[in-house]
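Biologist: I am new to this structure. Please show me how to read its features.

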Amino acid sequence: MAGITDGSFALKLIPYGFDTVSIGGYNTDDETIAAGLKILQRGRTEFHIKKENLKEEIEKEINIIKNQYPQVKVSVNLRATSPDPIIDIIKIKNLDIIELNCHCRQEELLAIGCGQEMLSNPEHLNLFIKELAKKIKNSQKLSVKIRANVPNINTLNIAKLIEESGADYLHIDAMKPGKGYADLKIIEKIASETNIFIIGNNSITNIQTGKNMLNAGASGISIGRAAINGKLNFDLLKI
C-alpha cells in the first residue's frame, strides 16, 4: 500500500503475529518516480522520495523495524522499468526480501510498462527476474507480486515463468473480478503445477478466510486492506 506501509506502520501490525512485513511500494527510477508524482497529485497516497535519497530512506525504514523486532523479516516492494535501480537497493543491510512489483494497475504506471503491465511482456519479465536473481545475496529472497485474472493474461503460465526465472516467492493477489472474495481455484491450480512458495493475498479478513487461503495451497498469507488502520480484528497465530 504505497504511501502507507512504512516502518512505523509495520510496528503497529507485528504484535498481531506477523513474522514478515512488507514496506513500499517504492518508485526507484526517473520514470516510476514521475509516474508516482502524477498519482500523488491526483489524490492517491504515494511515497515520493528523490532517487538520490531512496536507498538511505529505505534503509532507515528497515531499521525502524529491525531495531525493535530483529527476528521479523522485512520485504521491500519496488517498482522499476529496469533491474538496475533494484539491484542497487539489494545491497541494503538487513533487507531480507526484495519484491518486484508486477501488481499495481494505476494508469500512470501501466503507461511506462511497469506494475501489472509487466505481465503483458513475459520475455521481458523473464529477463528482469533473472537479472535480479543473479544479484540476490545468500541471506535474501526474491519475491514477485502479481494480480490474478488480469484480462488476456494466463495467470498459471505467468506463475510458472516466475518460478522458472528464479524467484523464491510468488505473492499473488487472488483477485476475482466483480467478486468480493478471493479466487481460491487459481491458488489451487498454481499450487498443483508449481513448487514455488505462494503468498496468498486478497479478502483475508478473519481466521477462516486465512485458513481457506492456506487450505487452497498457499504456503503463507499476506494482509493489506484489512490492516489499513494499523490493526487487525483477529490473531494471526490462530490461523
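Modeller: Start with a term. A salt bridge is a side-chain nitrogen of Lys or Arg within 4 Å of a carboxyl oxygen of Asp or Glu. Here, Lys 55, Asp 88 and Lys 91 are linked in a network of salt bridges.

Biologist: What should I know about the model itself?

Modeller: This is a predicted model, where local features need pLDDT of at least 70, side-chain atom pairs count only at pLDDT 80 or more, and totals for chains, interfaces and linings use all residues. Residues are numbered from 1 along each chain as its sequence is written, and side-chain values use heavy atoms, leaving out hydrogens and water.

Biologist: How many salt bridges are there by this rule?

Modeller: The count is 11. One of them joins Asp 96 and Lys 66, with the closest N and O atoms 2.8 Å apart. This pair links distant parts of the chain, 30 residues apart. Asp 96 sits in the loop between helix H4 (84-89) and strand S3 (97-102), and Lys 66 in helix H3 (residues 51-68). Helices (H or I, at least four residues) and strands (E, at least two) are DSSP runs, numbered from the N terminus.

Biologist: Are Asp 96 and Lys 66 buried or exposed?

Modeller: First, the cut-offs. Buried means under 20% relative accessible area, exposed over 50%, and partly exposed in between (1.4 Å probe, protein chains only). Both Asp 96 and Lys 66 are buried.

Biologist: Which side chain meets Arg 147 in a salt bridge?

Modeller: That of Asp 173, at 3.3 Å from N to O. Arg 147 is in strand S4 (residues 141-147) and Asp 173 in strand S5, so the pair ties together parts 26 residues apart in sequence. Arg 147 is buried at 9% relative accessibility. Asp 173 is buried too, at 7%.

Biologist: How do I read a helix with a buried side?

Modeller: The general idea is the turn. An α-helix has 3.6 residues a turn, so residues three or four places apart point the same way. Now take helix H8 (residues 184-193), whose buried residues are Ile 186, Ile 187 and Ile 190. They lie on the same side of H8, because they cover an arc of only 105° around the axis. The arc is that of the directions from the helix axis to the C-beta atoms.

Biologist: What do the buried residues of H8 pack against?

Modeller: Helix H7 (155-165), strand S5 (169-173), strand S6 (197-201) and helix H9 (207-215). Contact means heavy atoms within 4.5 Å.

Biologist: Which exposed residues does the face turned away carry?

Modeller: Lys 185 and Ser 192. Lys 185 has a relative accessible area of 59%. Lys 185 also forms a salt bridge with Glu 188, the closest N and O atoms being 3.9 Å apart. Glu 188 is partly exposed, at 35% relative accessibility.
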